[in-house]
Amino acid sequence: MIPAPAVQARNIRNVAVATFLEIPSLAPDESFIFARGLMEIIKKVIVNNMKKLLTLCIIHQNSRVLLGMKKRGFGAGRWNGFGGKVAPTETIEEAAKRELQEEAGIKVKHLNKVGIIDFEFKGNFEILQVHIFKSDSFLGEPNESEEMKPRWFHVDKIPFKEMWPDDIYWMPLFLSGKKFKGKFLFGESDIILEQELLEVKEI
């Protein structure tokens with residue numbers, strides 16, 4: 001069985017080829033320019049259609065951060081921020097607030113988006129685009145849920161060995177109040193095969 005993203009990519013490619021064949025005859029140079037431009041458009045469409053939007057929110061107050069131990073599902077057994085999938089009917093920020101309340105039992109009024117990272121796993125067509133948020137205030141008290149067990153950590157004692165291996169790269173930027181964008185490619189046993197991380201002025 002062909003994975004759904006592969007079928008989607010094949011269908012887009014077939015439409016592009018059909019479009020190319022239907023256009024009037026072009027000079028060689030014009031044909032090359034047209035084909036190159038068309039392939040760039042196709043590439044962007046395919047990549048955007050394969051991305052799954054996710055959120056990640058970390059409470060950062062002075063010298064401490066609130067993390068949660070994932071109890072089940074994807075990433076179980078690791079400390080992480082709070083977050084998850086973006087529903088079709090909500091914005092990314094609305095999803096971040098909802099997930100924080102569901103997983104830690106706290107509410108936030110204001111979130112600051114500080115990062116966007118694309119995660120890929122070798123052999124998987126899907127791209128997980130994670131939108132990272134920060135907040136320094138909240139309502140309520142952190143409580144354990146079916147998904148997560150919250151715990152405060154001093155910024156000098158963040159348990160990176162029990163977290164996703166990419167966290168140690170972008171967390172210093174997060175803690176210093178900087179914004180960033182990046183890409184990580186994971187291989188077997190969640191080993192980082194490729195990485196790209198840039199500090200940016202705006203998200």
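**Chat about a predicted model: charges and rings**

Modeller: In this predicted model, Arg98 and Glu102 are four residues apart in helix H3 (residues 92-104), so about one helical turn separates them.

Biologist: What does Arg98 form with Glu102?

Modeller: A salt bridge, with the closest N and O atoms 3.2 Å apart. Arg98 is partly exposed at 25% relative accessible area, and Glu102 is partly exposed at 47%.

Biologist: How many salt bridges does the structure hold?

Modeller: It holds 12. One of them joins Arg72 and Glu147, whose closest N and O atoms are 3.1 Å apart. Arg72 lies in the loop between E2 and E3 and Glu147 in the loop between E5 and E6, so this pair ties together parts 75 residues apart in sequence.

Biologist: Which residues are in the network of salt bridges that share partners?

Modeller: Lys70, Arg72, Glu146 and Glu147. Arg72 also forms a salt bridge with Glu146, at 3.5 Å between the closest N and O atoms.

Biologist: Is Glu146 buried or exposed?

Modeller: Exposed, because its relative accessibility is 59% and the cut-off is over 50%.

Biologist: Now rings. How many aromatic pairs are there?

Modeller: A search of the whole structure finds 12. In one of them, the rings of Tyr169 and Phe184 have centres 6.2 Å apart and planes at 40 degrees, so the pair is tilted. Tyr169 is in helix H4 and Phe184 in strand E7, 15 residues apart.

Biologist: Is Phe184 buried or exposed?

Modeller: Buried, at 1% relative accessible area, whereas Tyr169 is partly exposed at 40%.

Biologist: Which residue lies over the face of Trp152?

Modeller: Arg64, at 3.6 Å from the ring centre.

Terms used
Residues are numbered from 1 along each chain as its sequence is written. This is a predicted model: local features need pLDDT of at least 70, side-chain atom pairs count only at pLDDT 80 or more; totals for chains, interfaces and linings use all residues. Side-chain values use heavy atoms; hydrogens and water are left out. Rings of Phe, Tyr and Trp (its six-membered ring) pair if their centres lie within 6.5 Å; planes under 30 degrees apart count as stacked, over 60 as edge-to-face and the rest as tilted. Helices (H or I, at least four residues) and strands (E, at least two) are DSSP runs, numbered from the N terminus. Buried means under 20% relative accessible area, exposed over 50%, partly exposed in between (1.4 Å probe, protein chains only). A charge sits over a ring if NZ of Lys or CZ of Arg is within 6 Å of the ring centre and within 35 degrees of the ring normal. A salt bridge is a side-chain nitrogen of Lys or Arg within 4 Å of a carboxyl oxygen of Asp or Glu.
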